[in-house]
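Work through the exercises below with the structure open beside you, trying each task before reading its solution.

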Amino acid sequence: MSAAPQKAKAGAEKIEVTVSAVVPLNPLVTRFEFTRRDGQPFPPFSAGAHTVVEMRDGERTRLNPYSLMSDPGDNSIYAISVRRDDQGRGGSLFLHNKVKVGDPMTITFPVNLFPLDLRGRKHVFLAGGIGITPFLAMIAHLERMGGAWELHYSCRSRELGTYVDELTYKHPNKVHVYFDDQDQAIGLEDLLDGQPLGTHVYVCGPKGMIDWVHATAAAHGWPDENVHSEEFLAPQPGKPFEVRLCKSDITIQVGEHESLLEAMERCGVDAPFLCRGGACGQCETDVVDSDGDFVHRDHWLDDDEHASGKKIMPCVSRFVGKTLVLDR
């Protein structure tokens, strides 16, 4: 019998894994492959899903979401591809510098906030940089199902074009690549105007690219429900602040380089999460009292909720002021 899945403090089920492969793909991106330590197959996942990787970095535990880019039809491995960010908060550097084949690690069960809409007659993928990763799983799924798709992939240079050679070799008529250093760019307006009725567009990449695609599609009459995007926001540093958690009956300090969610976890407070990037809504928390300004950075709350001062997403948002009391 397989071992019962563990529960994370936040309620997400954990899987104990071993690093089975570490494959440098270019100067910035490395692929990490995992197998289960209990020898069982992985849970099935749908294309577009992510997992949260737990990294024990000294006394600090880092929890970062990464898209699963392996084939959803192969439950023997999970794979992620990670871009090294020398200016980031340390998760990608930990993976690149400290993780090696044979290491035990812990990941969460897959969660999908960026699924294929299989009602679509055609699927157009727009990727920027490391945003290519979820589309690898989507392409594998659609190829197996005989679905119609095309990929438009913007990279800084050929050297940094992660999976470009593999994709163009396997799918020469469906994959279109654009290199910034050659002044090549996606002709988005013509691309959108040339699609058949019932097409769905998916974008994953830098915030500017995501905003550009949504704005251009809206201007050309595309329904909102036919345009899909994914962006995991990394918590940004800020001035330290103090928070009173009334249910837990404690007051905690949030440091300059940690999120409110991380500070709660450090103090033993059970706070739910699925993405840790401001997109899933699981960590949404009610504000009991406040005297100051919120720094909202999430994708979940709408403008009215941001302005109300009654809710906060602890995974990415911060506070500047004298008093903050949360219902947590």
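**Exercise 1. The whole chain**

What percentage of the 328 residues in the protein chain do buried residues make up? Then describe the chain's overall form.

*Solution.* This is a predicted model, in which local features need pLDDT of at least 70 and side-chain atom pairs count only at pLDDT 80 or more, while totals for chains, interfaces and linings use all residues. Residues are numbered from 1 along each chain as its sequence is written, and side-chain values use heavy atoms, with hydrogens and water left out.

Step 1: buried residues make up 50% of the 328 residues, where buried means under 20% relative accessible area and exposed over 50%, with partly exposed in between (1.4 Å probe, protein chains only).

Step 2: the chain has seven helices and 17 strands, which are DSSP runs numbered from the N terminus (helices H or I, at least four residues; strands E, at least two).

Step 3: the radius of gyration is 21 Å, close to the 20 Å that the globule rule gives for 328 residues, so the chain is as compact as a globular protein of that length; the radius is taken over C-alpha atoms, and the rule is 2.2 Å times the number of residues to the power 0.38.

**Exercise 2. The largest nonpolar core**

Find which residues have the most contacts inside the largest nonpolar core, and explain where this core lies.

*Solution.* Step 1: a nonpolar core is a set of buried Ala, Val, Leu, Ile, Met, Phe, Trp, Tyr and Cys residues joined through side-chain atoms within 4.5 Å. The largest has 46 residues, and Phe34, Met105, Phe125, Phe135 and Leu151 have the most contacts inside it.

Step 2: helix α2 (residues 133–145) gives the largest share of this core, six residues.

Step 3: because domain 1 (14–108) and domain 2 (122–230) both give residues to this core, it lies between them; the domain bounds come from an automatic or database domain assignment.

Step 4: apart from this core lies another, of 26 residues, including Leu245 and Val316.

**Exercise 3. The two sides of a helix**

Which residues of α5 are buried, and how are they arranged around its axis?

*Solution.* Step 1: in helix α5 (residues 207–219), the buried residues are Met209, Ile210, Val213, Thr216 and Ala217.

Step 2: these residues cover an arc of only 140° around the axis, which puts them on the same side of α5; the arc is that of the directions from the helix axis to the C-beta atoms.

Step 3: the face turned away from that buried side carries the exposed residues Gly208 and Ala219.

Step 4: the buried residues of α5 pack against β8 (122–128), α4 (188–193), β11 (199–204) and β12 (227–230), contact meaning heavy atoms within 4.5 Å.

Conventions
The expected span of a helix is 1.5 Å times one less than its number of residues.
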